[in-house]
Each structure stands twice: as structure tokens, then as C-alpha cells.
Amino acid sequence: MSTKPSFGKVAVLMGGASAEREVSLMSGAGVLAALQSQGIDAHAFDPSERDLVELKREGFERCFIALHGRHGEDGTVQGALELLGIPYTGSGVMASAIGMDKVMTKRVWSALGLPTPRSLTLDAAQQTKERLRTVPDELGLPLIVKAPHEGSSIGVIKVNGYSDMQGAVAEAMKYDSVVLVEEFVSGDEVTCPILDNKALPVVKIVAPEGKYDYQNKYFTDDVKYLVPSGLPAAEETEIQRLAVEAFQAIGCRGWARADFMINAGNRKPTLLEINTSPGMTSHSLVPKSAAAAGIGYEALCVQILALARLDGKS
């Protein structure tokens, strides 16, 4: 029997102040229980209720980041932990910041020739009725309006007609100062986790009426997750290849999850976004994929924790 590594005192960062707080608390609770079940000295830590400086004062030696969204997944907490000198799971400051910003992520991917849907961004000055009326002419209908700094499908609205544009943009603006508008890609929705620079099995998502929203993601059992995905082997291999390329393109490390649509017309996968602090709830996709690769939830949490680093250090 192999000896488990000693991680010292571990903080599971969960909760936070983002719109995804509720999901983060569920992820964190699962991770905490898993680490404790493996004999690791792990403790819950909510940055919205306690000052991060307390991590240093209380002797924490490593952090498992189970925060989602702003002030947790966007490089801010990562920067604070860099200053405190406490290794943490997931990507570093730059990759976390880029990955949380869907506009910047798409710019990097596009510059490197990775496939991603055509899009445009609109700041407050560009959201006039006259301008919004022209957007469907540029990207076609239906299209997708997104708040580019949110996750868990928060601030994501499908637009089916010209008259829907104003309301969709107004809804996205509740969460962000700019909005991202993307062409709608019809086809299969899939996701591919990456663990230590290697792709895990692809998960195919089959949501009721194609509606993979916040409610269906976390609070119903109506969505089907197929792993094995049932895709042709060549398609799965291509998605896995692109997932690793997308991960490396923005400088990710540790673990992440890349989301795709497979165009129904030509069966080509196109990248939607990358999650640098994916969910770890009972409905989450990384644990489902890992299980298909023979990695149980507890072992997965330990593997992710073992990859904790500071920027520039191995």
C-alpha cells in the first residue's frame, strides 16, 4: 500500500461573494468531505466571511480553491495567495484572469487558430436600439448573449428574433459592464476536463429542450450526462486534443474543463469557454468524467490538491 503524501493543514476555499456562491458552497462541501475521508487535515474557509490573511496566521500550508466566478476564479484570490506564499490548486493569476473573461479567452484562441464561434462585444455606448438591430444581421439568428465574466450559465440568454435583443442585453448587463454576443451553434454539447495536462473522457450533455441552464445544471435530475460520450472515436480524440491545446494556450495548470459545441452540419467541434475552477458538486462534470477514467471522487480531489503550486514554482 502506497503512503499518502502529507499536505499539512489545508484550506478548502468555498462560498465567496460571487453570483455562484451557492454552487461553490456545494462544491466545497464535497471536496472537504473527500479530503477529510483520506486523512487530510482539511478545513472550510469562506473568504467572504474571513480575511485571507488568517490563512497565514492559522498555519495553512495549501489551498484547494472551490470558489467559482468573480473573486475566486478570476485571478484575484490567486494573486492574494501568491503574496501570502501559500500554494493553491488550479491555474495561476494570468491564466485564471484570462479564463474568467470569455472575450479575452476567445481572442487568445482565435489568435492561435483554435475554433470558437464568431462573436462581437458591446459596451454600454454600443447598446443603442439602432446598433442592437444590426447585430442579428452580422451573426445570424438565433444567437447567444452572454455576460462575459460569469459562469454556471448565469447571464446567458438565447435570442431568437430581432425583438429579443434589447431584453437579452439588458439581462446580461445586470452582471457585466459589457456583453458578448456569439453566433448560435446547433448540435451536440460536450465538455472535456483536463487533469495535469491530459484530457479525461469527453462528456456529452443532453438537456431537456437543449436548455442547459443554471437550474438544470445544479438543481434537477433532468439532464443526461453520457460518459462514455457515444461519439465516434475520431471526434472524441479531436475534442480531447483541442481541450488540451485550449488549456495550454492561456497558460492553465493543474486542472480545468473546456466546453464545446459540435456543429450538427459539419461535425466540427468549436470551443465555447474554459473553466479554471470547475464545479465539484454531485451534478458536476469533472467527477463524472474522472469516474469513467477510473478515478473516484476522493482520489480526484487528492490528485488536484497534489498539483497545488505557486506561479513560477514546480
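**View 1. Helices α4 and α5 pack at an angle of about 105 degrees**. Helix α4 covers residues 93-100, and the axes of the two helices lie 5 Å apart. Axes are lines fitted to C-alpha atoms, for helices over the stretch in contact, and angles run from 0 to 180 degrees between N-to-C directions. The two helices are therefore roughly perpendicular (65 to 115 degrees) to each other. From α4, Ile98, Gly99 and Met100 meet Lys102, Met104, Thr105 and Val108 of α5. Contact means heavy atoms within 4.5 Å. Helices (H or I, at least four residues) and strands (E, at least two) are DSSP runs, numbered from the N terminus.

This is a predicted model, in which local features need pLDDT of at least 70, side-chain atom pairs count only at pLDDT 80 or more, and totals for chains, interfaces and linings use all residues. Residues are numbered from 1 along each chain as its sequence is written, and side-chain values use heavy atoms, with hydrogens and water left out.

**View 2. Four strands form an open sheet in the order β4-β7-β5-β6**. The pairing is antiparallel; two strands pair if DSSP finds at least two bridges between them. β4 (119-123) and β6 (156-159) are the edge strands, each pairing on one side only. From one strand to the next, the twist averages 25 degrees. Helix α5 (residues 102-111) packs on this sheet and touches β4, β5 (143-146) and β7. The direction of α5 makes about 45 degrees with that of β7. β4 and β7 (residues 178-183) share 5 bridges. Asp123 has Val178 in β7 as its bridge partner.

**View 3. Phe45 and Phe60 form an edge-to-face aromatic pair**. The structure holds 2 aromatic pairs. In this one, the centres are 6.3 Å apart and the planes make 80 degrees. Ring centres must lie within 6.5 Å, and planes over 60 degrees apart count as edge-to-face. Phe45 lies in strand β2 (residues 42-45). Phe60 lies in the loop between α2 (53-57) and β3 (62-65), 15 residues apart from Phe45. The charged end of Lys9 sits over the Phe60 ring, 4.5 Å from its centre. For this, NZ of Lys or CZ of Arg must be within 6 Å of the ring centre and within 35 degrees of the ring normal.

**View 4. β12 and β13 form a hairpin with 5 residues between them**. In the turn, Arg267 has a positive phi of about 60 degrees. The antiparallel strands β12 (residues 255-263) and β13 are joined by 6 bridges. Leu271 in β13 is the bridge partner of Phe260. Strand β13 (residues 269-275) is mostly covered, with 7 of its 7 residues buried.

Methods: Rings of Phe, Tyr and Trp (its six-membered ring) pair if their centres lie within 6.5 Å; planes under 30 degrees apart count as stacked, over 60 as edge-to-face and the rest as tilted. Angles under 35 degrees count as roughly parallel, over 145 as roughly antiparallel, 65 to 115 as roughly perpendicular and the rest as oblique. Buried means under 20% relative accessible area, exposed over 50%, partly exposed in between (1.4 Å probe, protein chains only).
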